[in-house]
Amino acid sequence: MATQAHSLSYAGCNFLRQRLVLSTLSGRPVKIRKIRARDDNPGLRDFEASFIRLLDKITNGSRIEINQTGTTLYYQPGLLYGGSVEHDCSVLRGIGYYLESLLCLAPFMKHPLKIVLRGVTNDQVDPSVDVLKATALPLLKQFGIDGESFELKIVRRGMPPGGGGEVVFSCPVRKVLKPIQLTDPGKIKRIRGMAYSVRVSPQMANRIVDSARSILNKFIPDIYIYTDHMKGVNSGKSPGFGLSLVAETTSGTFLSAELASNPQGQGAAVLPEDLGRNCARLLLEEIYRGGCVDSTNQSLALLLMTLGQQDVSKVLLGPLSPYTIEFLRHLKSFFQIMFKIETKPCGEELKGGDKVLMTCVGIGFSNLSKTLK
């Protein structure tokens, strides 16, 4: 193989998505060895195989080699093609697992992406579709990714373990991204939420709303939590309920928190009152951590800053999550880019936890699918 010198090599199954997404954007092949090699059940899991199939669908000319036990993966990325795609996600992980990566890749396709994803819309592991719609889409708009065709729609809800949900995501193509300066988080001006219930009494959602408000009303009057009760075909295959909350600040920052009930037949039953109160506390914790991007979308913001024009971008974040820290290491490996990191202790101006100001100069990534070199 001619490209062996440029390919990056990793071991283990952690951060598989990060490596494959960055490999696709940078065009550098990646080899991942020892994927759960010592496990009783070695190799790639079903949801990871499904993710690799999804990458294969949205690219053209990708080369994927997996050994017989599934413990070694070689991925040589093709061109991002886009177009209309349908994909059945694995019910072991939420649709958010796949969507997070699509949000990174969609703006750089050759054709605008319109994708139908089926599976679990809300679970306890991955960001739900509601939260990504409320926080990630406004973040992409800051970078100049916007248009009529930019939307994320929930057609059906699906809870684990059965799934059965369906969402439609469409995103326009951009040649270059705008640099951003997000340094003022602003003050919280309103809280919006979505309490959903599927295949259980609609009263559950109302009980969640009352208990969440009992905590949040002490801080701010402008709270509106919608209830979403899906019936019949639209309610997926398994019962469940949950709540996602989003706080919006005066400067257009969105901070989110969410909780979902335990999957049917797993763990103890959760009372809707407890779920509502705990979710409200999680939101307050997220507000305390603060920053201009919530902890779910830190890596998305850093990636878009890296790919921006050759200009300075700055963003103020709360404490970095372990996932984000590993992401910064990967950005250095794939794009040779380093961020300037300044800690901002909480003081007069900044309330809450210690903040981090991330600064970088973009690499001037442009969507080459438009013009063939």
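The reply starts with the salt bridges and moves on to the cores, a sheet, the domains and some backbone details.

Reply: This is a predicted model, in which local features need pLDDT of at least 70 and side-chain atom pairs count only at pLDDT 80 or more, while totals for chains, interfaces and linings use all residues. Residues are numbered from 1 along each chain as its sequence is written, and side-chain values use heavy atoms, with hydrogens and water left out.

A search of the whole structure gives 19 salt bridges, the term standing for a side-chain nitrogen of Lys or Arg within 4 Å of a carboxyl oxygen of Asp or Glu. One of them joins arginine 118 to glutamate 86, with 2.9 Å between the closest N and O atoms. This pair links distant parts of the chain, 32 residues apart, since arginine 118 belongs to strand β8 (residues 111-119) and glutamate 86 to strand β7 (residues 82-88); helices (H or I, at least four residues) and strands (E, at least two) are DSSP runs numbered from the N terminus. Arginine 118 has a relative accessible area of 26% and is partly exposed, and glutamate 86, at 47%, is partly exposed as well; here buried means under 20% relative accessible area, exposed over 50% and partly exposed in between, with a 1.4 Å probe and protein chains only. Both residues also take part in a network of salt bridges that links Glu86, Asp88, Arg118, Arg156 and Glu166.

Glutamate 248 and lysine 189 form another salt bridge, at 3.7 Å from N to O. This pair too links distant parts of the chain, with glutamate 248 in strand β14 (residues 240-249) and lysine 189 in strand β12 (residues 188-198), 59 residues apart. Glutamate 248 is buried at 14% relative accessible area, whereas lysine 189 is partly exposed at 35%. In a further pair, the side chains of lysine 153 and glutamate 151 meet at 3.9 Å, N to O; lysine 153 is partly exposed at 41%, and so is glutamate 151, at 33%.

The nonpolar residues come next. In soluble globular proteins, nonpolar side chains tend to be buried together. The largest nonpolar core has 82 residues, and Leu25, Phe169 and Leu331 have the most contacts inside it; such a core is a set of buried Ala, Val, Leu, Ile, Met, Phe, Trp, Tyr and Cys residues joined through side-chain atoms within 4.5 Å. Helix α3 (residues 95-105) gives the most to this core, with eight residues. A second, separate core holds 21 residues, among them Ala195, Leu216, Ile220 and Ala257.

Leaving aside neighbours within four places in sequence, leucine 331 touches Leu22, Leu302, Leu303, Thr306, Gln336, Ile337 and Phe339, where contact means heavy atoms within 4.5 Å. Threonine 306, in helix α7 (residues 298-306), is buried at 0% relative accessibility. With the neighbours within four places in sequence again set aside, the contacts of threonine 306 include Leu331, Phe335, Cys360 and Ile363.

Among the strands, β1-β2-β5-β4 is the order of an open sheet of four strands with mixed pairing, two strands being paired if DSSP finds at least two bridges between them. β1 (8-11) and β4 (63-66) stand at the edges with a single partner strand each, so one side of each has no neighbour in the sheet. β4 and strand β5 (residues 73-76) run antiparallel and are joined by four bridges, and isoleucine 64 stands opposite tyrosine 75 in β5.

The contact takes 23 residues from domain 1 and 27 residues from domain 2.

Some backbone details remain. Most residues other than glycine have a negative phi, and most peptide bonds are trans. Lysine 34, not a glycine, has a positive phi of about 50° and is exposed at 54% relative accessibility. Arginine 36 likewise has a positive phi, near 50°, but is buried at 17%. A cis peptide bond, with omega about 0°, joins proline 160 and proline 161, and proline 161 lies in the loop between β9 (151-156) and β10 (165-171).
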